[in-house]
Amino acid sequence: MARRSSSSSSSGAWRYLNPAYYLKRPKRLALLFFVFVAATFAFWDRQSLVSEHESEISRLRNEINQLHGQLRKAGVLLEENPATEIPRKDLVEIDPINNERREKVKEAMLHAWNSYVKYAWGMDELQPQSKNGVNSFGGLGATLVDSLDTLYIMGLRDEFQKARDWVAESLSFDKDYDASVFETTIRVVGGLLSAYDMSGDKVFLEKAKDIADRLLPAWDTTSGIPYNSINLAHGRAHNFGWTNGDSILADSGTEQLEFIALSQRTGDPKYQLKAENVIRQLQKIYPSDGLLPIYINPQSGQASYSTITFGAMGDSFYEYLLKVWIQGNKTESVKHYRQMWETSMEGLISLTRQTTPSNYTYICEKSGGSLSHKMDELACFAPGMLALGASGYGPEKAKQIMNLAEEACSDLL
């Protein structure tokens with residue numbers, strides 16, 4: 001009986017593998033088909049999850065490798081295999097002295113910020129002695145907007161949020177005010193774009209676009225060299241009376257970074273085209289020593305007889321040539337910025353002199369063929385600019401430029 005029962009059970013099990021069994025039973029055939037389809041979907045879903053997981057792991061490994069490279073450049077030593085798990089204590093060693101200094105900087109920022117909030121909230125500047133706020137930039141909240149990225153970087157989120165709400169609810173550019181195109185670009189457009197890049201909050205991008213649109217008529221000149229002042233409400237552009245109608249070199253050549261960035265973030269090329277056309281126009285009159293006078297006629301596009309300086313009214317033009325090249329990832333499309341900058345650095349070298357007997361290095365100014373042995377305080381940015389641009393040269397020239405940067409910097413100290 002037991003043997004017969006076992007044989008019968010085995011025979012019964014095999015019948016489920018016989019197709020004829022299911023052809024005679026349509027409901028069971030349908031159930032079997034449903035199970036097969038469900039199993040197939042489950043298998044491919046699992047395969048998809050595995051594939052997505054592997055893709056995500058690959059992406060994260062690439063990001064780790066990139067961060068590893070950035071940390072190496074910053075002087076932080078890591079394990080040779082950046083894709084392996086690195087204990088936090090080995091990743092970054094916090095120097096207690098540097099940390100204390102960092103906190104002191106943050107304290108100073110909070111002291112200044114809290115005073116601004118208390119005495120000059122929403123205004124352009126705080127006068128610390130009188131404890132009054134003044135609108136020296138037409139009431140554009142210059143200090144607030146210019147501080148947004150600093151607040152965010154320092155992790156002062158409550159302060160940042162309060163400033164963000166003011167921008168969203170109270171910042172208006174519809175003002176009957178003659179604004180400096182240069183100052184408004186670097187402080188307001190730049191400040192809003194930095195805040196947008198940090199936070200991703202589109203209110204900052206919308207405000208940046210609004211103010212930039214109000215500035216754009218300044219570029220409506222015969223040459224494309226912009227006027228340096230414009231009424232924000234009415235769009236009337238002009239130059240300052242003391243320049244005899246000319247545009248200022250630094251004012252006209254220091255909008256490229258912000259306007260290129262704005263075009264990249266909005267997808268609208270008009271801002272970039274206006275700003276880059278200025279460089280193309282200046283390229284046509286660029287002298288062999290790369291030193292342009294500080295006054296340019298906005299109609300003819302020609303340089304007027306005036307001072308050549310790396311100080312006031314000349315300074316940031318040369319700075320932006322280098323930084324736009326860096327902003328553009330040093331590609332072929334921005335190669336002419338680097339070429340112009342290198343030409344100008346040869347001109348800068350020709351203006352450097354040393355004091356006697358102390359041998360301090362300084363940068364002269366030039367009028368016509370004569371040198372003025374005076375270094376403007378705003379020219380003190382030059383050592384940092386030289387150090388930043390040194391890496392774009394070959395080894396020998398890079399060393400020369402870096403040595404000049406070190407000499408000039410140590411002499412300023």
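The expected span of a helix is 1.5 Å times one less than its number of residues. Keep that rule ready for the second stop. The model on your screen is predicted.

**Stop 1: the whole chain**

Show the protein chain as a cartoon. It holds 16 helices and 11 strands. Of its 413 residues, 37% are buried. Now consider contacts with a separation of 6 or more: residues 24 or more positions apart account for 58% of them.

**Stop 2: helix α5**

Select residues 96-120, which form helix α5.

Next, show the side chains of Met-109, Trp-113, Ser-115, Tyr-116 and Ala-120. These residues of α5 are buried. What covers them? The cover includes β1 (125-127), β2 (132-134), α6 and α7 (157-170).

**Stop 3: helix α6**

Move on to residues 142-153, helix α6. Its buried residues are Ala-142, Leu-144, Val-145, Ser-147, Leu-148, Asp-149 and Leu-151, so colour these. They pack against α5, α7, α8 and α9 (202-215).

As you look along the helix, remember one rule. An α-helix has 3.6 residues a turn, so residues three or four places apart point the same way.

Just after α6, click on Gly-155. Its phi is positive, at about 75 degrees.

**Stop 4: Leu-151**

Zoom in on Leu-151, in helix α6. Is Leu-151 buried or exposed? Its relative accessibility is 0%, so Leu-151 counts as buried.

Select its neighbours, leaving out residues up to four places away in sequence. Leu-151 touches Met-109, Trp-113, Leu-156, Arg-157, Glu-159, Phe-160 and Ala-163. Two of these names, Met-109 and Trp-113, also belong to the buried residues of α5.

Then draw a distance line from Leu-151 to Leu-110. Their C-alpha atoms are separated by 9.0 Å, although the two are 41 residues apart along the chain.

**Stop 5: α6 against α8**

Angles under 35 degrees count as roughly parallel, so α6 is roughly parallel to α8. Their crossing is left-handed.

Show the side chains where they meet. From α6 come Val-145, Asp-146, Leu-148, Asp-149, Tyr-152 and Ile-153. From α8 come Arg-187, Val-188, Gly-191, Leu-192, Ser-194, Ala-195, Met-198 and Ser-199. Colour this contact by type: 8 of its residues are nonpolar, 3 polar and 3 charged.

Key:
Residues numbered from 1 in each chain as written. Predicted model: local features only at pLDDT ≥ 70, side-chain atom pairs only at ≥ 80, totals over all residues. Heavy atoms only, no water. Axes fitted to C-alpha atoms, helices over the stretch in contact; angles between N-to-C directions. Helix = DSSP H or I, 4+ residues; strand = E, 2+ residues; numbered from the N terminus. Parallel < 35°, antiparallel > 145°, perpendicular 65-115°, else oblique. Left-handed = near helix turned anticlockwise from the far one by under 90°. Contact = heavy atoms within 4.5 Å. Nonpolar A, V, L, I, M, F, W, Y, C, P; charged D, E, K, R; others polar. Buried < 20%, exposed > 50% of the residue type's maximum accessible area, 1.4 Å probe, protein only.
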